[in-house]
Amino acid sequence: MAFTLFRTSARRFLANFERNVANANLRNGKNNIYVCGCAALTILNNQPKAFATRKYSEFTTTQTERKYDSDTDSDVETSKNPGESKFWRRKMRTFHGILDVNKDGVISFDDFQLLADRFVNLGHMSEDRAQEFRGLIKKIWEKQWGEIGPYNLVTVEQYLEDMLHVVNDKERAKKVHSFLPYLFEALDKDKTGEITLEEYKLFFECLGLSDEDAVFTFRVIDTNADGKINKKEFLHYGKEFFLCEDEAKISKYFWGPLIPKFTRIH
């Protein structure tokens with residue numbers, strides 16, 4: 001038991017250390033590869049459309065994110081059997097942790113409301129749009145988890161099972177990102193159709209994540225390094241997070257660092 005806890009703590013420490021090294025190198029404009037065990041983090045700043053990506057072998061070839069031209073359903077590549085990989089389950093566990101605002105291990109409708117209120121309270125949405133957003137949140141809850149009440153709580157395993165049904169239903173999968181335009185609108189305070197690093201920090205603050213994580217993710221997703229993320233990019237990567245099982249895709253960083261991998265000890 002003590003050994004398991006030690007390994008878990010060590011994994012978390014190393015993950016945070018990797019990210020700290022990456023952010024320091026990004027700030028200093030360096031191109032470095034930090035290798036720890038079998039994981040390597042490559043930072044490429046001087047090449048156009050390059051990005052930081054976590055890889056599981058130092059011999060893996062650096063990949064660049066595919067350019068997409070429109071915000072259609074075909075923009076997001078999905079596997080033939082969505083939801084089967086351990087990586088996808090890890091991503092969904094990560095998002096469950098974000099929705100679990102009070103960190104009690106389950107999601108309630110109160111968590112949904114609290115998270116929505118954080119974005120509305122930024123003050124960048126009109127009253128009508130804020131009302132629409134709250135209505136959408138209520139609709140999503142009732143459609144996916146039923147009645148609203150203090151005893152209707154969604155565990156991690158239930159969330160995984162429910163999301164598995166979502167990604168395997170073409171119609172529901174198309175709408176998996178339906179709430180994202182409201183989040184973008186809440187962040188885009190000057191209504192330019194683009195968000196800056198400072199606005200992205202607000203995004204992560206609402207999610208309960210750090211500025212350091214926001215800087216890392218922003219610079220990874222900002223593939224052309226122009227200091228801005230437009231609405232099309234925001235929606236694309238946010239949607240791809242839920243539907244794609246390719247570990248090389250940079251969308252895995254969209255909602256912040258993934259939860260640590262856990263190894264079962266027999």
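Author: This is a predicted model.

Reader: Where is Ile 107, and which residues does it touch?

Author: Ile 107 is in the loop between α2 (86-99) and α3. Leaving aside residues up to four places away in sequence, Ile 107 touches His 96, Leu 99, Asp 100, Phe 112, Trp 141, Asn 152, Leu 153, Val 154 and Tyr 159. For Asn 152, which is 45 residues away along the chain, the C-alpha separation from Ile 107 is 8.6 Å.

Reader: Why is Asp 246 called partly exposed?

Author: The relative accessibility of Asp 246 is 35%. Buried is under 20% and exposed is over 50%, with partly exposed in between, so Asp 246 counts as partly exposed. Asp 246 is in the segment after α10 (231-243).

Reader: What makes the approach of Asp 246 to Ala 248 a polar contact?

Author: A polar atom of the Asp 246 side chain lies 2.9 Å from the backbone nitrogen of Ala 248. The cut-off is within 3.5 Å, so the distance of 2.9 Å meets it.

Reader: What makes helix α7 mostly covered?

Author: Of the 8 residues in α7 (residues 180-187), 7 are buried. These are Leu 180, Tyr 182, Leu 183, Phe 184, Glu 185, Ala 186 and Leu 187. Their cover includes α3 (109-120), α4 (127-145), β4 (194-195), α8 (197-207), β5 (229-230) and α10.

Reader: How many residues of α8 are buried, and which are they?

Author: In α8, 8 of the 11 residues are buried. They are Leu 197, Glu 199, Tyr 200, Lys 201, Phe 203, Phe 204, Cys 206 and Leu 207. Just after α8, Gly 208 has a positive phi of about 85°.

Reader: How many aromatic pairs are there, and why is the pair of Phe 203 and Phe 254 called tilted?

Author: The count is 24 aromatic pairs. For Phe 203 and Phe 254 the ring centres are 5.6 Å apart and the planes make an angle of 55°. Centres must lie within 6.5 Å, and planes under 30 degrees apart are stacked, those over 60 edge-to-face and the rest tilted, so this pair is tilted. Phe 203 lies in helix α8 and Phe 254 in the segment after α10, so the pair ties together parts 51 residues apart in sequence. Both Phe 203 and Phe 254 are buried.

Reader: How do you know that the charge of Lys 91 sits over the ring of Phe 241?

Author: The charged end of Lys 91 is 5.1 Å from the centre of the Phe 241 ring. The distance limit is within 6 Å, with a further condition of within 35 degrees of the ring normal. The distance meets the limit, and the charged end is listed as sitting over the ring.

Note on methods
Residues numbered from 1 in each chain as written. Predicted model: local features only at pLDDT ≥ 70, side-chain atom pairs only at ≥ 80, totals over all residues. Heavy atoms only, no water. Helix = DSSP H or I, 4+ residues; strand = E, 2+ residues; numbered from the N terminus. Buried < 20%, exposed > 50% of the residue type's maximum accessible area, 1.4 Å probe, protein only. Polar contact = N/O pair within 3.5 Å; in protein donor to acceptor, adjacent residues only side chain to side chain. Contact = heavy atoms within 4.5 Å. Phe/Tyr/Trp six-rings, centres within 6.5 Å; stacked < 30°, edge-to-face > 60°.
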